[in-house]
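User: I would like to learn how to read the domains, pockets and helix packing of a protein model. Could you take me through them one feature at a time?

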Amino acid sequence: MTASLISSNACVESLYHEHHGWLRGWLRQRLNSTSDAADLAHDTFVNVIASGMAARIVEPRPFLVTVARRLVIQQHRRRQLERAYLDALAALPEELAPSPEQGLVALQSLQALDEALDAISPRARQAFLLAHLQELSYAEIAARLRVSCATVKRDLAAAHRQCFFVALS
């Protein structure tokens, strides 16, 4: 093991021991759920480890709160999406409803698409949704968004690229 890896592990270990309990409590107060708080506190530290930034954190609690808040928002969005999907499935006649396996794949695909669209600009997201949900032409999207057709083309290219990158991961 290299000296930098040992140092990084020591930083993560110290950060975890000093702040994990506090973060879990902070999350529990906001989420009113012990299990969600424990899961998100764990995920917060996983994100810190994956980022490789543990040794560079100057103010640990504000940093951890920022990461945790982002995870709370992601969890909330994922649950909203899941509820909307399940409501849409419940409205289908039984013979049209997908199998549980197909439903899970569709839900995972929706979550990946949501993640991809969250990573692009609001205008590009709106252009993507207008193109794919309402099947509008570039000209119609440009008129609706009050931008040029070239801008719509660029925005859609960015949106498709982001979807492709998320699909690869």
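**Domains, pockets and helix packing**

Analyst: The domain assignment divides the protein into domain 1 (1–97) and domain 2 (100–168), the bounds being those of an automatic or database domain assignment. This is a predicted model, in which local features need pLDDT of at least 70 and side-chain atom pairs count only at pLDDT 80 or more, whereas totals for chains, interfaces and linings use all residues. Residues are numbered from 1 along each chain as its sequence is written, and side-chain values use heavy atoms, with hydrogens and water left out.

User: How many residues of domain 1 and of domain 2 are in contact?

Analyst: Contact means heavy atoms within 4.5 Å, and by that criterion 5 residues of domain 1 touch 8 residues of domain 2. The centres of domain 1 and domain 2, taken over C-alpha atoms, are separated by 26 Å.

User: What is the volume of the largest pocket, and which residues line it?

Analyst: Rolling a probe the size of a water molecule over the atoms shows where empty space is left. On a 1 Å grid over the protein atoms alone, where a 1.4 Å probe must fit, a pocket is an open set of points with protein on both sides within 12 Å along at least five of seven lines, and its lining residues have an atom within 4 Å of a point. A volume is the space filled by probe spheres set on the points, which are joined across faces, edges and corners. Here the largest pocket has a volume of about 300 Å³, and its lining consists of Arg 70, Ile 73, Gln 74, Arg 77, Arg 78, Leu 81, Gln 111, Ala 112, Asp 114, Glu 115 and Asp 118. Helix 3 (60–90) and helix 4 (100–118) are the elements that give two or more residues to this lining, helices being DSSP runs (H or I, at least four residues) numbered from the N terminus. At least three lining residues come from each of domain 1 and domain 2.

User: What is the volume of the second largest pocket?

Analyst: The second largest pocket has a volume of about 190 Å³, and helix 3, helix 4 and helix 5 (122–133) each supply at least two residues of its lining. Among the lining residues are Arg 77, Leu 81, Asp 114, Phe 128 and His 132.

User: At what angle do helix 5 and helix 7 pack?

Analyst: Two packed helices are described by the angle between their axes and the distance between the axes. The axes are lines fitted to C-alpha atoms over the stretch in contact, and angles run from 0 to 180 degrees between N-to-C directions. Helix 5 and helix 7 (residues 149–168) pack at an angle of about 90°, with their axes 8 Å apart, which means that helix 5 is roughly perpendicular to helix 7 (65 to 115 degrees). In this contact, residues of helix 5 including Ala 124, Phe 128 and His 132 meet residues of helix 7 including Leu 156, Ala 159 and Cys 163.

Methods:
Parallel < 35°, antiparallel > 145°, perpendicular 65-115°, else oblique.
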